[in-house]
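The following note sets out several points on the fold and surface of the structure shown below. Please read each point alongside the coordinates.

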Amino acid sequence: MISHLDGRVSAIAPEGAVIEVGGVGLLVQCTPGTLATLRPGERARVATSLVVREDALTLFGFAADDERDVFELLQTASGVGPRLALAMLAVFTPDALRRAVAAEDVTALTRVPGIGRKGAQRIVLELAGRLGPPGVAGGQARQGQLAAAGPALPGAEPWRDQVRAGLLNLGWQPREADQAIAAVAADVLVLGGDAANGGANGDGGAADGAPAEVDVAAMLRAALRKLSRA
């Protein structure tokens, strides 16, 4: 098993990043949140999980070991493969998933494209008690890595490109992705950035009303909420 990669980021593509290790460029498929922590030309360390199939070897990369561990645990549930597990981590942080499963929040899990109500109930049943309780350390590490990558502003092309790529990878059509991005960007402009961190949906935000920094993962989750309500 390849536990992690530590090398220079050669390129970032919609499906993931190419990390050069020992002169070999390895394609690592990542969530948009993980991609947001990477910069071409800079050195990076990503936790990895190698998925072996008869016709392919696919390497998945994560900003933290906790994400990788949750990714692997999710696949032990019936009907959850690597693509769906990655989609779940694109919508939820590991601790948010732990809370949803612990609270048997089926509605929250159905926000993930590809998960219906019966599938969500099965995931809750099979993973109950196995993901562990929400932990402070894992969440803080992920937020620290996203903050180090710098804020992504609503009007910046990298923000739009990364969120659009994430939506397309999750199965949405280009027109649907563009409409959701436009709607989320409009919310951020009106609400001073709070919507991108969940404020528009009652999930919390800047308490004092000041504009909040916007990160790609938060904007992706906001776009997915828009699409799930369409």
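1. Ile2, Leu50, Val52 and Leu57 make a nonpolar surface patch of about 340 Å². A patch here consists of residues with over 30% relative accessible area and no salt bridge, nonpolar side chains (Val, Leu, Ile, Met, Phe, Trp, Tyr) being joined within 5 Å and like charges within 9 Å. Accessible areas follow the Shrake-Rupley method with a 1.4 Å probe, and for residues only the protein chains shown count as cover. A salt bridge requires a side-chain nitrogen of Lys or Arg within 4 Å of a carboxyl oxygen of Asp or Glu.

2. On provenance, the model is predicted: local features need pLDDT of at least 70 and side-chain atom pairs count only at pLDDT 80 or more, whereas totals for chains, interfaces and linings use all residues. Residues are numbered from 1 along each chain as its sequence is written, and side-chain values use heavy atoms, with hydrogens and water left out.

3. Leu50, one of the patch residues, belongs to strand β4. Leu50 counts as partly exposed because its relative accessibility is 31%; the class lies between buried (under 20% relative accessible area) and exposed (over 50%), with a 1.4 Å probe and protein chains only. The bridge partner of Leu50 in β5 is Leu59.

4. Helices (H or I, at least four residues) and strands (E, at least two) are DSSP runs numbered from the N terminus, and two strands pair if DSSP finds at least two bridges between them. Five strands close into a barrel with mixed pairing, in the order β1-β2-β3-β5-β4. Neighbouring strands of this sheet are turned by 55° against each other on average, direction ignored.

5. How many bridges join β4 to β5? There are seven, and the two strands run antiparallel; a hairpin connects β4 to β5 through two residues. β1 and β4 are also antiparallel, joined by five bridges, with Asp6 paired to Arg45 in β4.

6. Helix α2 (residues 65-74) lies across β4 (43-53) and β5 (56-62), at about 10° to β4. Contact means heavy atoms within 4.5 Å; axes are lines fitted to C-alpha atoms, for helices over the stretch in contact, and angles run from 0 to 180 degrees between N-to-C directions.

7. Helix α3 (residues 82-91) lies across β3 (24-29), β4 and β5, at about 15° to β5. Nine of the 10 residues of α3 are buried, including Pro82, Leu86, Met88 and Val91.
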